Amino acid sequence: MKKNATPAWLEDAVFYEIYPQSFYDSNGDGIGDLLGILQKLDYIQSLGVNALWLNPCFESPFQDAGYDVSDYYKIAPRYGTNEDAKRLFDEARRRGIRVLLDLVPGHTSIEHAWFKASCLPGRNEYTDWFVWTDSGWKWEVPGMRVVSGYADRDGSYITNFFYFQPALNYGFAHPEEAWQQPVDAPGPQRVRQELRNIMKFWLDLGCSGFRVDMAGSLVKKDWRSRETAALWREMRAWFDKEYPDAVLISEWGYPTTSIGEAGFHMDFTLPFAMPGYTSLLRKDSGPDAARDPYAFPFFDRGGRGNILEFLDDYLFHYRNTVGKGLICLITGNHDINPRLNRGRTPAELELIYLFFLTMPGAPFIYYGDEIGMRTLNGLPSKEGGFNRTGSRTPMQWSQDPNAGFSSAPAEELYLPVDPAADRPTVAAEESDPASLLNRVRALIALRKQHPALCATGEFEVVYAESGRLPFVFKRSQDGESILVAVNPAERPAEVLLPAGTLSGTPQTLYGVVGALARQGEGWKLVLPGVSGGVYSI
Ligand code: GLC
Ligand code: CA
C-alpha cells in the first residue's frame, strides 16, 4: 500500500503560478505566450520549483481573462498553438518540471458553440447542457444569478460568475421544479462525460493535472456539497486508475470538504474562505485598529498579530486532511490585491518565505512574488480584472524597455509595467547574493534537501501563544527533526523550550545562528527583531 494518498512527486513540490499573458512575450505583440514561458524555463528551473500552474490559455473572448472558455480543446491563438503547449509540457518535463493547466468546468463563455446551440428555441444536442429556467420571464431564482432576455429560447440562464459565464448543467442535488434536472439526467451526464474528455485530451498531450476553477460550484442547490463531492470522487477514482501521477487541485478554499470529501489531492488557502490565511498577512488595519485585537496580521512589524487565529483554522483543516491530501499556502494569486509585497522590507518578505517554505503541504508562489513585485493600483480594469488588474502586470525581468517583458511599444502592452524607478527586477536580484530572489532559491533548496520539510512531514506546534512571540513548530520525517522559529516583530522575542524539545545539539540550517542555548534543563530560544531560523534538532 502506498504511504500517502498523493503521488510521490508532490513530496518536494513547490509550485509557481504563471499568468501567461504577463510572463514573457516571445514575438513582440505585447502579450505573453507559451513560447515565452518555454524560453524562460532556465529561470523557472533556477528557482527550484518543480511544477507550474498556468492560468487558462484556451480559446476565449477574454471577457474574464480566459475564465470564459469558447473552446476547451484549443490553445488561444494569442498564446500559441496546441503544438506549443506540447513542446512546453515536454521540455519542462525533461527538466523535472510538471505543467498543470487551469480547468474551468463550471461555465463556458457565451461565445462557446455549445452555449450558442443551447440558446436556440428548437431542441438540439445542447439544449440541456446549460442550466435554463422554463420561462424567459423568470427574473429571480433564490440563491442563484439569472440572466433573462438573452436568447430566443424561452428561458433564462443561470450564471456562475459574470453574466457571460453561463453555468454548465451538472444537475441539482434536490430538484424542486421541472427545469431543475437531477444529476443523473441525460444532460448532466453528457456534460460530466465531456469534462472527462477535456481532461483526457490535455493529460494525453502531456499536462500533469489541473487547477480546477470554482470546483465546489458544479451541482446546484447542493448545500452540503454532497453531489459535487461525489462527482469529483468519481474523477479522482478515474485519475487513480488511468493517470496516477496527475493531480487535481481545487479552487475551493475549504480543504476539509475538497480533500476530505471530494477527493482532491490539494486545495488552496484562499482569503475569502480561510480566515486563518487572511490573519497571517492580509489584514487591513482600519482606523479603529488600536482598539481592535483582531486588526493586525501575524506578519506585522509591530508584533500585534496573533498566530492562534491562523492555527485555529489551519489545524482544523490539517487534522481533517492529513494523510489524504495537501493544503497549499499561497503567496498570492491573480485574484488577490495586494500582492505579498505591500510596503514590506526584504527581511520581512524573507521571513514570510521562511515560514511558507517550511510548512507542510505544497507551497504556491505567484509569479513575481519571488522578486517582491508590487501591485499597481489605479489601473483601468482589463478583461474583467477590476481591482485584480494591478496584481496581473508584466513580469519584471531587467532594466531593458518594458522591464524586458516585451519588445512591443509600451502602449501596446497587455498591461503597463510598474513604472517605479525602484521596481524590483530579476536581473538586479540575480547579481545580489542577499536579494529576495536568492533567499527564496535558498529556502526552496533547503526544503527539497530535507524530508522533514517535505509535503507530508509531520507538523507539530511547539510554542504558539496568544499575544506572544515567537511562533515555533517542529517538522519531522524518517528520523529527521527540524525546528522552525519565526519572530515577525521588530522587537526581539524569546521563549524557554522544555528539555524534551531537542534531542541533541541543534544545527543551524538557515537564518539566525546561535539562537538556541541551554538553560537549566531546557533550551532558551532568542530571536532578534524580524528574524527566524531553521534548526536540525
Ligand atoms: C475563479 C478565478 C477567477 C475567475 C472566476 C470565474 O475565482 O480564479 O479569476 O474570474 O473563477 O471563473
Ligand atoms: Ca506574444
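Tutor: What follows goes from domains to sheets, then to single contacts and backbone details. Keep in mind that this is a predicted model.

Student: Which domains does the assignment give for the protein chain?

Tutor: Domain 1 is made of 8-107 + 196-282 + 308-449, and domain 2 covers 457-536. Their centres, taken over C-alpha atoms, are separated by 31 Å.

Student: How do I read the interface of these two domains?

Tutor: Begin with the residues in contact, then look at the area. Here 19 residues of domain 1 are in contact with 23 residues of domain 2. The two domains bury about 1,500 Å² between them, with 77% of that on carbon and sulfur atoms. On the side of domain 1, Leu351, Leu354 and Thr358 lose the most area to domain 2, together 31% of what that side buries.

Student: How many salt bridges and how many polar contacts are there between domain 1 and domain 2?

Tutor: The count of salt bridges between them is zero. For polar contacts, the rule finds three residue pairs across the interface, both residues at pLDDT 80 or more.

Student: Which elements give two or more residues to the side of domain 1 that touches domain 2?

Tutor: They are helix H9 (307-321), helix H10 (346-356) and helix H12 (436-449). H10 supplies the largest share of that side, six residues.

Student: How many bridges join E13 to E14?

Tutor: Five bridges join E13 to strand E14 (residues 471-477), and the two run antiparallel. As an example of residues facing each other, glutamate 458 stands opposite serine 476 in E14.

Student: Can we read another sheet in the same way?

Tutor: Three strands, in the order E16-E19-E18, form an open sheet with antiparallel pairing. Its edge strands are strand E16 (493-497) and strand E18 (516-519), each of which pairs on one side only. Neighbouring strands in this sheet are turned by 25° against each other on average, direction ignored. E18 and strand E19 (residues 522-527) are joined by four bridges and run antiparallel. Glutamine 519 has glycine 522 in E19 as its bridge partner.

Student: How many salt bridges does the rule count?

Tutor: The count comes to 32. One pair to look up is arginine 98 and aspartate 245, whose side chains meet in a salt bridge at 2.8 Å, N to O. This pair links distant parts of the chain, 147 residues apart: arginine 98 is in strand E5 (residues 98-103), and aspartate 245 is in the loop between helix H6 (226-242) and strand E9 (247-250).

Student: Which peptide bonds are cis here?

Tutor: Among them is the bond from asparagine 337 to proline 338, with omega near 5°. Proline 338 is placed in the loop between strand E11 (326-328) and H10. Leucine 469 and proline 470 are also joined by a cis peptide bond, with omega about 0°. Proline 470 lies in the loop between E13 and E14.

Student: Is the phi of serine 225 positive or negative?

Tutor: Phi of serine 225 is positive, near 60°, in a residue other than glycine. Serine 225 is in the loop between strand E8 (209-212) and H6.

Definitions and conventions. Residues numbered from 1 in each chain as written. Chains lettered and ligands numbered in written order. Predicted model: local features only at pLDDT ≥ 70, side-chain atom pairs only at ≥ 80, totals over all residues. Heavy atoms only, no water. Pairing = 2+ DSSP bridges. Axes fitted to C-alpha atoms, helices over the stretch in contact; angles between N-to-C directions. Domains from an automatic or database assignment. Contact = heavy atoms within 4.5 Å. Buried area = accessible area lost by both parts, 1.4 Å probe. Salt bridge = Lys/Arg side-chain N within 4 Å of Asp/Glu carboxyl O. Polar contact = N/O pair within 3.5 Å; in protein donor to acceptor, adjacent residues only side chain to side chain.
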